[in-house]
Amino acid sequence: DEGIAMAGETLLTLSRDEAEWAWQESKLKYELDLQSSLVDARQEGRAEGIAATWLESARKMKELGDSVEKIALVTGLSEEEIRKL
């Protein structure tokens, strides 16, 4: 009976250790996903900021009378986008 009790206790210890490991792994995956989302959001924000800057530059160039072709060359925007400004 003592051997069976020890085996049962060992099994419970292993089960708890496995549950703890699974919980820790789940927590780590969550934290990594969160960090990845933050990095993606930062990159998206930077891209939007850069696009807004190019649009503003194109607007100013258009106001100054620069040609659509020149504005497209400088900003990388399409001629259609520039005409819509």
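Tryptophan 54 counts as partly exposed because its relative accessibility is 36%, a value that falls between the 20% below which a residue is buried and the 50% above which a residue is exposed. In this predicted model, tryptophan 54 is part of helix H1. Together with Ile50, Leu73 and Val74, Trp54 forms a nonpolar patch on the surface, and the accessible area of these residues together is about 420 Å². The patch draws at least two residues from each of two elements, helix H1 (2-63) and helix H2 (68-75).

Charged side chains also pair up in this model, which holds four salt bridges, among them the ones listed here.

| Salt bridge | N to O distance |
|---|---|
| Aspartate 66 and lysine 70 | 3.5 Å |
| Arginine 83 and glutamate 79 | 3.4 Å |
| Glutamate 80 and lysine 84 | 3.4 Å |

In the bridge between aspartate 66 and lysine 70, aspartate 66 is partly exposed, with a relative accessible area of 25%, and lysine 70 is likewise partly exposed, at 42% relative accessibility.

Helix H3 (residues 79-84) contains arginine 83 and glutamate 79, and because these residues are four apart in the helix, about one helical turn separates them. Arginine 83 has a relative accessible area of 49% and is therefore partly exposed, while glutamate 79, at 32% relative accessibility, also counts as partly exposed. Glutamate 80 and lysine 84 are four residues apart in helix H3 as well, so about one helical turn lies between them; here, however, both residues are exposed.

Taken over the whole chain, the protein has 11 positive and 19 negative side chains, and a distance of 14 Å lies between the centres of the two sets.

The secondary structure consists of three helices and zero strands, so that reading from the N terminus gives the order α-α-α under the DSSP assignment of runs. The box filled by the C-alpha atoms, taken along the principal axes, is roughly 95 × 15 × 15 Å.

Of the 85 residues in the protein, 9% are buried, and the accessible surface comes to about 7,100 Å², with 58% of that area belonging to carbon and sulfur atoms.

How values were computed:
Residues are numbered from 1 along each chain as its sequence is written. This is a predicted model: local features need pLDDT of at least 70, side-chain atom pairs count only at pLDDT 80 or more; totals for chains, interfaces and linings use all residues. Side-chain values use heavy atoms; hydrogens and water are left out. Buried means under 20% relative accessible area, exposed over 50%, partly exposed in between (1.4 Å probe, protein chains only). Accessible areas come from the Shrake-Rupley method with a 1.4 Å probe; for residues, only the protein chains shown count as cover. Lys and Arg count as positive and Asp and Glu as negative; His and the chain ends are not counted. The place of a charge is taken as NZ of Lys, CZ of Arg, CG of Asp or CD of Glu. Patches are made of residues with over 30% relative accessible area and no salt bridge: like charges are joined within 9 Å, nonpolar side chains (Val, Leu, Ile, Met, Phe, Trp, Tyr) within 5 Å.
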